[in-house]
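I opened this model to look up a handful of things. My notes follow in the order in which I checked them.

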Number of protein chains: 2
Amino acid sequence: MENQYELYMRQALELAAQAARLGEVPVGALVVKNGRIVGRGFNRREGSKNALSHAELIAIDQACRTLGGWRLFGCDLYVTLEPCPMCAGAIINSRIDHVVFGAYDKKAGSCGSVINLFELPYNHFPTAMGGILQQECAGMLSDFFKQLRK
Amino acid sequence: MENQYELYMRQALELAAQAARLGEVPVGALVVKNGRIVGRGFNRREGSKNALSHAELIAIDQACRTLGGWRLFGCDLYVTLEPCPMCAGAIINSRIDHVVFGAYDKKAGSCGSVINLFELPYNHFPTAMGGILQQECAGMLSDFFKQLRK
């Protein structure tokens, strides 16, 4: 039986698959509060022609709207790929408690790979846990890039 | 006579003043390409109830729309306060070349104060220059907080 982390990560993977179908790098994210999904997003950088359209920012934006405030206290963020510095910074700014990610990102990951922004002396210190459904999350990305090179 | 940096920073200060009039922490930003302002923003975190509504993100979002793409090659960003990690990350992601900021932010500044994200091994390396019209930029912030405490 899958644990709660894997169940939510599987939903993030479904969002990532939607990105892939649109020709976008497949990353999906959700924000969860007390067992309720309050924000969803998938990467749309190419389609939206916008550098801010990462899965996490779209999910955080939606969560702020759903909850009616900028402080996402008591919220967890699930994402299929380790957040970049922009998204890790948005997680700090929105006061998200916990981040659960799938694949590690050696090039831009900012929850431990390049740096752990959550350990720097900003004003909020989320926790991060990586490697949840890692094989599926990383596999979806590598399949996407293989397909691109065909 | 004021130099180009100061002329643009004065326009960013005008945007910051708009934020102050709305009761928002006064920070203003603009994106400039070849002498043309392609994006403007001021902090609207409280009014928008959204953690993403920093001046820089709003200006970058507008610049992507103006220029019709997510890569802001050849663009400079002017902002009255040193960018936080979210905004510094967005600057990296959008491929902005140069950042010019006014006041330093010892608590969250991520272009040298807490850390310099632009020196980490991500895939883009903007330059940053701080202290332009520093007194005016810092003064507008301290006046705002003094007023709040009255």
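**Entry 1: a loop residue, A:Lys49**

I started at A:Lys49, which is partly exposed at 45% relative accessible area. For my own scale, buried is under 20% relative accessible area, exposed is over 50%, and partly exposed is in between, with a 1.4 Å probe and protein chains only. A:Lys49 sits in the loop between α2 (45–48) and α3 (55–67) of chain A. Helices (H or I, at least four residues) and strands (E, at least two) are DSSP runs, numbered from the N terminus. The phi of A:Lys49 is positive, about 55°, although the residue is not a glycine. Most residues other than glycine have a negative phi.

Before going on I noted the ground rules. This is a predicted model, where local features need pLDDT of at least 70 and side-chain atom pairs count only at pLDDT 80 or more, while totals for chains, interfaces and linings use all residues. Residues are numbered from 1 along each chain as its sequence is written, chains are lettered from A and ligands numbered from 1 in the order in which they are written, and side-chain values use heavy atoms, with hydrogens and water left out.

**Entry 2: another positive phi**

I then went to A:Asn34. Its phi is near 50°, positive in a residue other than glycine. A:Asn34 is in the loop between β1 (28–33) and β2 (36–42) of chain A. Is A:Asn34 buried or exposed? A:Asn34 counts as exposed, at 73% relative accessibility.

**Entry 3: the interface**

I counted contacts next, meaning heavy atoms within 4.5 Å. On chain B, 31 residues are in contact with 31 residues of chain A. The two chains bury about 2500 Å² between them, and 66% of it is on carbon and sulfur atoms. Buried area here is the accessible area (1.4 Å probe) that two parts lose on being put together, summed over both.

I looked for polar contacts across the interface and found seven residue pairs, both residues at pLDDT 80 or more. The rule wants a pair of N or O atoms within 3.5 Å; within protein, one must be able to donate a hydrogen and the other to accept it, and residues adjacent in sequence count only if both atoms are side-chain atoms.

Which parts of chain B supply this side? At least two residues each come from α2 (45–48), α3 (55–67) and α4 (85–93) of chain B. The largest share, five residues, comes from α4(B). By class, the side of chain B that touches chain A has 17 nonpolar, eight polar and six charged residues. Ala, Val, Leu, Ile, Met, Phe, Trp, Tyr, Cys and Pro count as nonpolar, Asp, Glu, Lys and Arg as charged, and the others, Gly among them, as polar.

I stayed with α4(B). Nine of its nine residues are buried. They pack against α4 (85–93) of chain A, together with α3, β3 (75–81) and β4 (98–103) of chain B. B:Arg95 follows α4(B) and has a positive phi, near 65°.

I also checked the largest nonpolar core, which has 103 residues. Such a core is a set of buried Ala, Val, Leu, Ile, Met, Phe, Trp, Tyr and Cys residues joined through side-chain atoms within 4.5 Å. A:Ile60 and B:Ile60 have the most contacts inside it. Leaving out residues up to four places away in sequence, B:Ile60 touches residues including A:Leu52, B:Ala90 and B:Ile91.

**Entry 4: A:Ser110**

A:Ser110 is in the loop between β4 (98–103) and β5 (127–129) of chain A. A:Ser110 counts as buried, at 0% relative accessibility. Its side chain makes a polar contact with the side chain of B:Tyr122, at 2.7 Å.

**Entry 5: salt bridges**

I last looked for salt bridges, a side-chain nitrogen of Lys or Arg within 4 Å of a carboxyl oxygen of Asp or Glu.

Another joins A:Arg65 and A:Asp61, at 3.0 Å between the closest N and O atoms. Both lie in helix α3 of chain A, four residues apart, about one turn of the helix. A:Arg65 is exposed at 62%, whereas A:Asp61 is partly exposed at 22%.
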